[in-house]
Amino acid sequence: MAIRFAHIADVHLGAFRDATLRELNLEAFKRCLSECTAAKLDFVIIAGDLFHVALPDMRVVDEATKAMRACRDAGLRIYLVYGSHDYSPTATSVIDVLASAGVLRKIHSDDAAHPEIVVDAPTGARLAGACARARGLENGFFEKAAWSEFERDASGTKIFVFHSAIDEHKPEFLSRSEGIPLAQFPRGCTYYAGGHVHERAEIDETQRGFGRIVFPGPLFSADYRDLEAASRHDCGYYVVEIEGKQVKTEFKSIKLVGVVSLEFNAAGKSASEVGAVLLEKASAVGTEVEGKIVLAKVFGELREGKPGEIDFSAVREAFAARGAKVFYLNRGQLTAREAAVQRVEGANKREIEERAFAQASAAFETKNAFLRAEGGRVARELLRSFSKARDEEAKEKKGDYETKLVREAAKILGID
Ligand SMILES: [Mn+2]
């Protein structure tokens, strides 16, 4: 008999500061699970990043738990691996609590020498997995993982669940981040349920001894980039049907609200001009933003004034008046002229750095005599101090690291 299951990844419940976006994300998850229940699937696989952080907003956790509980009560099993977001090296994650309560089943991979094989009793499916660790530390796990027992197991359909990019199949936007070489995956599984890569992909690696590898992409979205992608193509999850070696995949869109993406180049304009043009734009839109998520990217170097002088809240209100459900502003690449450094030349990196700082420091207006005299040196030393990363190997705590940085900065600024 065929095995039918859902493959979800990167839900990121609890992401977004905007309450409406947070709610929409939760709504997408609830809808997905009720569709799975209605379709009478055997089980649900969540390939990591169910939650945006290890200890998310408890209201979101409560709502999500109710939905998962209803799904469980209808007879569907839920299998999961940690993602890079909901894993915590030090604290107990909310996922551990849900696993202890029997709402979902974690696929353990703590011991690389003996990765767990979970048997889904009603279907006989075998699942193994690899949880994400903090910042790509799962690489170490994959290097050592002993898959031979799982590879030898021939008693049922095999599914491998993971939360990592694969080196051979990294999308362009992840080209500089670390992945796992395919050779370190267990061979001979029928289906490889992936997560972590926020872009949908279906890959067939049967020829090389693997199987169907699928990344559903985010169920909803977790940030601006995801939402921008969602304005071009749908987000959702997969329903998979396996019968013997036959694999049928079907992508299911979750469409809650439309996304409109707007871009505005502010280069060469003054802060007040930008504010006026944006307001004009907002009043010129028609019904196309009604009930939708409006993304607005404002970028470029202002001729005069600072980004903070632009009245974005008036722009937000104007879009709301036009019926936009959410107005999401991205001004990360909007800069003031004063902040820009002219082209500098030097014999080496150090010299270029020194001159760039000296120049920027000379242009910086301040009444502070110390900064006027020492600005260049202070900036250089601060940069050097701030670029020291936290010592993850020595398990340096975030709080300790922050205290150390603040103390060093105070010393450089001569205020300790
Ligand atoms: Mn993710």
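I took the centres of domain 2 and domain 3 over C-alpha atoms and found 32 Å between them. The model is predicted, so I kept to its limits: local features need pLDDT of at least 70, side-chain atom pairs count only at pLDDT 80 or more, and totals for chains, interfaces and linings use all residues. Residues are numbered from 1 along each chain as its sequence is written, and side-chain values use heavy atoms, with hydrogens and water left out.

**Domains**

I looked up the bounds. Domain 1 covers 3-253, domain 2 covers 259-337 and domain 3 covers 341-412. These bounds come from an automatic or database domain assignment.

**Manganese site**

Which residues coordinate the manganese ion? I found Asp10 (OD), His12 (NE2), Asp49 (OD) and His198 (NE2), at 2.1 to 2.3 Å. Donors here are N, O and S atoms within 2.8 Å of the metal (3.2 Å for Na, K and Ca); water is not among the atoms, so sites may look incomplete. I noted the spacing of the donor residues in sequence as D-x1-H-x36-D-x148-H.

Buried means under 20% relative accessible area, exposed over 50%, and partly exposed in between (1.4 Å probe, protein chains only). Asp10 is buried at 0%. His12 is buried too, at 1%.

**Salt bridges**

I searched the whole structure and got 27 salt bridges. The criterion is a side-chain nitrogen of Lys or Arg within 4 Å of a carboxyl oxygen of Asp or Glu. Side chains of opposite charge can pair when their charged atoms come close.

I went through some of them:

- Asp167 and Lys170 meet at 3.7 Å, N to O. Asp167 is partly exposed at 34% relative accessibility, and Lys170 is partly exposed at 25%.
- Arg303 and Glu273 meet at 3.4 Å, N to O. Arg303 sits in the loop between strand S14 (293-301) and helix H8 (312-321), and Glu273 in helix H7 (residues 271-284), so this pair ties together parts that are 30 residues apart in sequence. Arg303 is partly exposed at 36%, as is Glu273 at 35%.
- Arg377 and Glu381 have their closest N and O atoms 3.0 Å apart. Both lie in helix H10 (residues 369-386), four residues apart, and are thus separated by about one helical turn. Arg377 is partly exposed at 29%, and Glu381 is partly exposed at 31%.
- Lys30, Asp62, Glu63 and Lys66 are linked in a network of salt bridges.

For the element names, helices (H or I, at least four residues) and strands (E, at least two) are DSSP runs, numbered from the N terminus.

**Helix packing**

How do H10 and H11 pack? I read an angle of about 155° between H10 and helix H11 (residues 398-412), with the axes 9 Å apart. That makes H10 roughly antiparallel to H11. Axes are lines fitted to C-alpha atoms, for helices over the stretch in contact, and angles run from 0 to 180 degrees between N-to-C directions. Under 35 degrees counts as roughly parallel, over 145 as roughly antiparallel, 65 to 115 as roughly perpendicular and the rest as oblique.

I also noted the hand: H10 and H11 cross right-handed. A crossing is left-handed if the near helix is turned anticlockwise from the far one by less than a right angle, and right-handed if clockwise.

I checked Glu280, which is in helix H7. Glu280 is exposed, at 55% relative accessibility.
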